[in-house]
Amino acid sequence: MKKVLFVCLGNICRSPAAEGVFRDMVRQAGLEGKIKVDSAGTGGWHEGDSPDGRMIQHARQRGYDLSDLEARQIRAPEDLSEYDYILTMDSSNLRNVLALDVKKEHHHKVKPLVSFCRIHSVQEVPDPYYREADGFEHVLDLIEDACRELLQHVKKELSA
Ligand code: 4NP
């Protein structure tokens with residue numbers, strides 16, 4: 001079993017989109033029992049909320065259903081211990097998650113999601129909250145690119 005946690009700020013736009021995209025890829029690969037997927041926010045303002053309606057719409061157009069997801073705040077140290085991959089969306093999320101790992105025991109698990117991108121060469125998944133439709137499409141492009149490679153990576157780990 002490998003466990004993947006996607007992390008953004010609010011857990012209503014980027015990380016639930018990554019959770020929805022990756023869990024579909026995991027399902028299609030028949031690995032549901034082998035890979036656990038979840039997402040969380042570094043902030044807790046949206047705890048219990050559904051994903052942002054714009055993110056739900058844009059994801060739906062690509063065949064991903066995010067409507068059952070609920071925002072939660074990351075829990076330290078529990079999430080840091082439990083998950084094998086803790087994948088952050090931007091540099092601020094990365095800094096904030098690393099700061100939660102006070103004893104620096106789990107730093108090696110924490111990485112920018114875009115470090116798995118094959119097609120795009122970018123530093124982060126930008127916050128689309130104050131952006132137009134193209135901002136949400138860009139988020140999904142980056143997430144799909146990274147998640148394809150992430151799945152290959154986790155598959156190799158599972159068989160190692
Ligand atoms: P997310 O986007 O981090 O991708 O979920 C945001 C959602 C809400 C806020 C910021 C970013 N907010 O400040 O409420």
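**Ligand site and helix packing**

Hi everyone, let me start at the ligand: one of its oxygen atoms is 2.8 Å from an N or O atom in the side chain of Arg14. That is a polar contact, meaning a pair of N or O atoms within 3.5 Å; within protein, one must be able to donate a hydrogen and the other to accept it, and residues adjacent in sequence count only if both atoms are side-chain atoms.

Before going on, a word on the model: it is predicted, so local features need pLDDT of at least 70 and side-chain atom pairs count only at pLDDT 80 or more, while totals for chains, interfaces and linings use all residues. Residues are numbered from 1 along each chain as its sequence is written, and side-chain values use heavy atoms, with hydrogens and water left out.

Back to the ligand. A polar backbone atom of Cys13 is 2.9 Å from a ligand oxygen, and for Asp127 a side-chain N or O atom is 3.4 Å from a ligand oxygen. Around the ligand we find Cys8, Leu9, Gly10, Asn11, Ile12, Cys13, Arg14, His46, Asp127 and Tyr129, each with a heavy atom within 4 Å of it.

You will find Asn11 in the loop between strand S1 (2-8) and H1. Helices here are DSSP runs (H or I, at least four residues), as are strands (E, at least two), numbered from the N terminus.

Now, how do H1 and H5 cross? The axes of H1 (residues 14-28) and H5 (residues 133-159) come within 9 Å and cross at roughly 45 degrees. Those axes are lines fitted to C-alpha atoms, for helices over the stretch in contact, with angles running from 0 to 180 degrees between N-to-C directions. H1 and H5 are therefore oblique to each other; under 35 degrees counts as roughly parallel, over 145 as roughly antiparallel, 65 to 115 as roughly perpendicular and the rest as oblique. Arg14 turns up again here, among the H1 residues that meet H5, and Val139 and Leu140 are among those on the H5 side; contact means heavy atoms within 4.5 Å.

H2 also meets H5: their axes come within 10 Å and cross at roughly 55 degrees. That makes H2 oblique to H5 as well. From H2, the contact takes in Arg54, Met55, His58, Ala59 and Gln61, and from H5, Ala133, Phe136, Glu137, Val139 and Leu140.

Last stop: the peptide bond from Ala76 to Pro77 is cis, with omega near 10 degrees. Pro77 sits in the loop between H2 (53-61) and H3 (78-82). Thanks, everyone!
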